Amino acid sequence: MFAIEVVKAIILGIVEGLTEWLPVSSTGHMILVDEFMRLNVSKDFMDMFLVVIQLGAILAVVVLNFERLNPFSRQKTYLKKRQTITLWGKVIVGCLPAAVIGLALNDFMEEHLMNAYVVAAMLILYGVLFIVVENYNKHRRPTITDVDHLDYKTALIIGFFQVLSLVPGTSRSGSTILGGILFGTSRVVATEYTFFLAIPVMFGASALKLFKFGLIFSFEEAILLLVGMVVAFIVSIISIKFLLRYVRTNDFKAFGWYRIIIGILVFIFIYI
């Protein structure tokens, strides 16, 4: 029954909204959920759905930060408008590596790496890296404590870390946060910049998927996609607010341990 498919889309939207911003790999979790609870749709639609549902999540960032990201706001002084334009410049610089390398490797990644084995391995690997990096970072003081003070060089370096997230199970937010912390940003700055960096990347990835799939949907497909996006938007609002509060007083080790445990459980399930 179609109602069951709608419930599945709601669950996928919840998973997307929770995991897109937490450094635990949204794509990895979506692939794993799809292993256990498949939508009754074509493979082409499902491949598109898993990416385009992220539009709901990214709209949450835009809504929550609209005034901050709007360089034309009448409430901003000339200096604030210049700062906003500069911030967008750093976001664009950070997106360049993923735009160039991602487009070149996108088809290869989808064909060879979109599976539970790769997801489980990357969950564990980056879980370990989070713990190692946080231990290394324990006695260091961040040199960049405000996202407006982020320089273009560091923005570009973080952009190269974002390329690592092309491998499912890595986590786009996880890789960029690790890059930011390693190169001197505070956890809050790394997290905020990761949110902003996602806007053009995810809009671009969604547009590419929609173009490849075509814009012709059946009524049922359109409903499933819309439901998934709306749920992802609502849950993302909660997830983003939670993470920003969390990183002000906590490190990322808990996410590292979570990734390791989930990765091990996935391997156990695969082999059993």
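Here are legends for a few close-up views of this predicted model.

**View 1. Helix α11, end to end.** This helix covers residues 219-247, 29 residues in total. From first C-alpha to last it reaches 42 Å, close to the 42 Å expected at 1.5 Å a residue. Look for S236, where α11 bends by about 25°.

**View 2. Helix α1 packed against α11.** Two packed helices are described by the angle between their axes and the distance between the axes. Here α1 (residues 2-19) meets α11 at an angle of about 30°, and the axes are 7 Å apart. The crossing is right-handed. On the α1 side, the contact residues include F2, V6, I10, G13 and G17. Those from α11 include I223, V227, V231, V235 and S236.

**View 3. W21 and the largest nonpolar core.** This core has 65 residues, and W21 and F49 have the most contacts inside it. Helix α10 (residues 187-213) gives the largest share, 11 residues. Leaving aside neighbours within four places in sequence, W21 is in contact with A57, I58, V61, F195 and M202, among others. S236, the site of the bend in α11, is also one of the contacts of W21.

**View 4. Two serines with positive phi.** S25 sits in the loop between α1 and α2 (26-36), with phi near 80°. S171, in the loop between α8 (152-163) and α9 (172-182), has a phi of about 95°. How buried are they? S25 has a relative accessible area of 2%, so it counts as buried. S171 is buried too, at 5%.

Definitions and conventions
Residues numbered from 1 in each chain as written. Predicted model: local features only at pLDDT ≥ 70, side-chain atom pairs only at ≥ 80, totals over all residues. Heavy atoms only, no water. Helix = DSSP H or I, 4+ residues; strand = E, 2+ residues; numbered from the N terminus. Expected span 1.5 Å × (residues − 1). Bend = angle between axes of the 7 residues up to and from the residue. Core = buried A, V, L, I, M, F, W, Y, C linked by side-chain atoms within 4.5 Å. Buried < 20%, exposed > 50% of the residue type's maximum accessible area, 1.4 Å probe, protein only. Contact = heavy atoms within 4.5 Å. Axes fitted to C-alpha atoms, helices over the stretch in contact; angles between N-to-C directions. Left-handed = near helix turned anticlockwise from the far one by under 90°.
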